[in-house]
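Work through the exercises below with the sequence and the 3D view at hand. Try each task before reading its solution.

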Amino acid sequence: MLNIKVLLEAAPVTVQEALDQDTVDYLNSLIEEDSSPEALRDATEPFLADAGMSDADIDAMFAKLSIHADSNDSGKSKVSDVQVEPVLLPRAPAAPKTDAPVPLPKGPSTPAQTPGTSAPSSQSSAKKQHVADKTGATTTTTAAATSSEPKKTAASAQVARTPVIQAFSQQSRFHTETLVTMSKDVDLKGVNVIVDNRELIVDARLWLKAGYRYGMVGRNGTGKSTLLSVIGNGSLVGFPENIRTLYIQQLDILDVGTTVIDSVLAADEQREKRMRDVRSIEAGLKTPDLLHAALEGYISRLANEKLNTAHKTATLRSGKRGRIARESALKMEKTVLSDLRAGLYRGGKTDGDVASNVLDTLYSELDQMDAHSAEARARAILDGLDIATEQQDGPVSALSGGWRMRVALAKAMFIEPDVLLLDECTNHLDLAAIAWLQDYLISLEDITIVCVSHDHDFLNAISQEIIRLKDRQLTYHPGNYDEYEQTEDEYRKKKERQFAALERRREHVKKSIENFTKHARSTNDSKVLGQVASRKKKLDRLAGLDKTEDGKRFKLSYWAGFHETMRPELKLERQEKSVDISLPQPEPLRNATGPLVALDGVCFGYGDQPSAILKNIDLSIMMGDHISIIGLNGCGKSTLVNTIRGSLMPTKGNVERHARLRIGHFTQHLVDELSTEGLSGLRVLMNTSDGVKESEARKWLGSFELSGDLATRPIHTLSGGQRARMALALMLFSNPHLLLLDEVTNHLDMHAVQGLITAINEYEGTVVLVSHDRHFLRETADYSYLLQDGTLTQLDGGVDEYVESIGIGF
């Protein structure tokens, strides 16, 4: 058990002499309430810093104390089922993540399955899987404030398994429905998406009209991103082969290791396949030992493409035609490689002869694709998007979020897709970049756009129709998001009026049946009994409306199948409630009449430019303040937040913090770390919080709508919004006084954002917000500051004043 005596023995002699007896008694009283290493550091760190200990010395001392405490506790307690290694204070910086590819089995695979995806088929496919090796996390604790970021243990470094996704649409016995047409409309019935045997979409209709801009909304975890991904990677069986799609994923998973120009060129997958074959075969001609392997790679690609086509056709067709197609696909699996080899090596040709013929074929295909001018076209597109030549030849990682989105759109312009799929495209973009993206998407013609976004104003600007994913079904609503909400509200009220009127009629018929029944019993009148039977039939018909949705008179012939009632039951559609997020109210701070954090003439920079990023920042943050910091990407907002937190020390000026202040810092880095977390949220919370019971942990996660299997499933299987809520729950568990929320609304759906707005407005602590969500900032921030050219200026008109100044037409 840790106590003040153990601490003083571990501290240098100079520190022991600097702490007087009153200070030691005061610290001892605090430690008696909570003797955990975290609490010990929280209480003593400011005094140790004042006594002359450096941050490095404090880190080393508490690391030793943590190991000492864990070794003592291990001898007293029984071994649990789950072994958790001790959490050191502080932890080492995270090691770089690496992807270890699992080699593909030899031979062709069933192409209906792609990495992480599958479709109904008689044969399973070989899937390339990547495992992420997660070795740690980064957390910084400072001398003046304790961060409450969730800690990660070595036990959490588990391999995140790639989920198996099945995506298919209604099969047809009719040949015409399996033909490729020139239409750019998409109308698929019976669309199903299943992830690890969990149904996300069931018998839905996917209906996309050519040239329309769609906004897709729905709760976190309902399957929006999964649906876009299976459309974009071609694994949705039944999707028209003639329609080209491009899926632009969330920016944080872009391939940032390649150059900008290579990233754009790689968007044309058909060209890239042939270019890879050409490079490998040409290299094989120079090195004969590699030539046969290069030719085998070319043959394998052709085999997979042939099998892909055969299996998709077999899946689409049913009846006799389907049986014939499946038999043909199974036979092809066994013979396709040998048939291709026999065709290429016919007549006793050598590898050199085959390579010459194959290169002629590839050169001809590339000429037909106009591949020789591909780089020139790509550079012209990038020039048109104001991306300079030096940026084009540089890595994608050197670009900010807004410029990476321009690169992603350059890929779309390069391959000229028929359907452009955007997943959370406004994440990490500043307001100026969002304005550019909005105008650009509206200017696109003859391209169908499906955009998943939770930015209220952005959806209003670009959407011509809203697709809602709810209860595993897709519904379509003309107009933008505001019009969708208004229509839904009117429709819900109409249903309520119809339901009330129907209930009144049912009650009237029930009373008449009771009266006639009493009369029949007293008079034994058979005619009255006939009226009772007639009214009972009428009551059965009153289970639903007499008219259909389109105003026609209802007939039983319209309602196929067996049913227990004579009408479809009229069901009320309740308004979706916002996510109920609970922010714990902070404990009162002793002597908290002054500011919690005060910045006086703060400057920050690197090298010989000490004021390059922040220049003479003066800011007083009081208890209960709700402050927003607005500015372009790269202007220094995160630097300012880290200076407030204490992670960065100013090159000039002073930062003063309350001695007992606890700070909670939410960043997108936390959410990214959880994307490979193999443990459940419940286990992570219990491992990183001393003494918390499982019931308490479940209750806490439930307050963020992470109850049931969401609390016990591996975190990496949660959706982006659910992981964001999990990160928020883990960060808030220590009950901080000051919340630093950096882009907290990224990944959260509309209902979660509304729940967070309500929670922040009810929170009595202090909140500093960095966000580009205008609706969120309007509803939560009492004071807004603009960070521009290193200086901080208060905006009396809030975020709308800044929006107006940069000319965004929302």
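The exercises that follow concern a predicted model and cover a group of strands and then the cavities.

**Exercise 1.** Find how strand S5 pairs with strand S4 and with strand S6.

Solution. 
1. Locate S4 at residues 165-168; four bridges connect S4 with S5, and the two run antiparallel.
2. Next take S6, residues 198-208, which pairs with S5 through seven bridges, also in the antiparallel sense.

**Exercise 2.** Decide whether strand S5 is mostly covered or mostly open.

Solution. 
1. S5 spans residues 186-195, a run of 10 residues.
2. Count a residue as buried if its relative accessible area is under 20%.
3. Eight of the 10 residues in S5 are buried, and the strand is mostly covered.

**Exercise 3.** How many cavities of 30 Å³ or more does the whole structure hold, and what lines the largest cavity?

Solution. 
1. The search of the whole structure gives three such cavities.
2. The largest cavity holds about 140 Å³ of space.
3. Its lining has 17 residues, and Thr426, Asn427, Thr745, Asn746 and Asp773 are the closest to the centre.
4. Sorted by type, the lining of the largest cavity has four nonpolar, nine polar and four charged residues.

Key: Residues numbered from 1 in each chain as written. Predicted model: local features only at pLDDT ≥ 70, side-chain atom pairs only at ≥ 80, totals over all residues. Heavy atoms only, no water. 1 Å grid on protein atoms, 1.4 Å probe; cavity = no way out; pocket = protein on both sides within 12 Å on 5 of 7 lines; lining within 4 Å. Points joined across faces, edges and corners; volume = space filled by probe spheres on them. Nonpolar A, V, L, I, M, F, W, Y, C, P; charged D, E, K, R; others polar. Buried < 20%, exposed > 50% of the residue type's maximum accessible area, 1.4 Å probe, protein only. Pairing = 2+ DSSP bridges.
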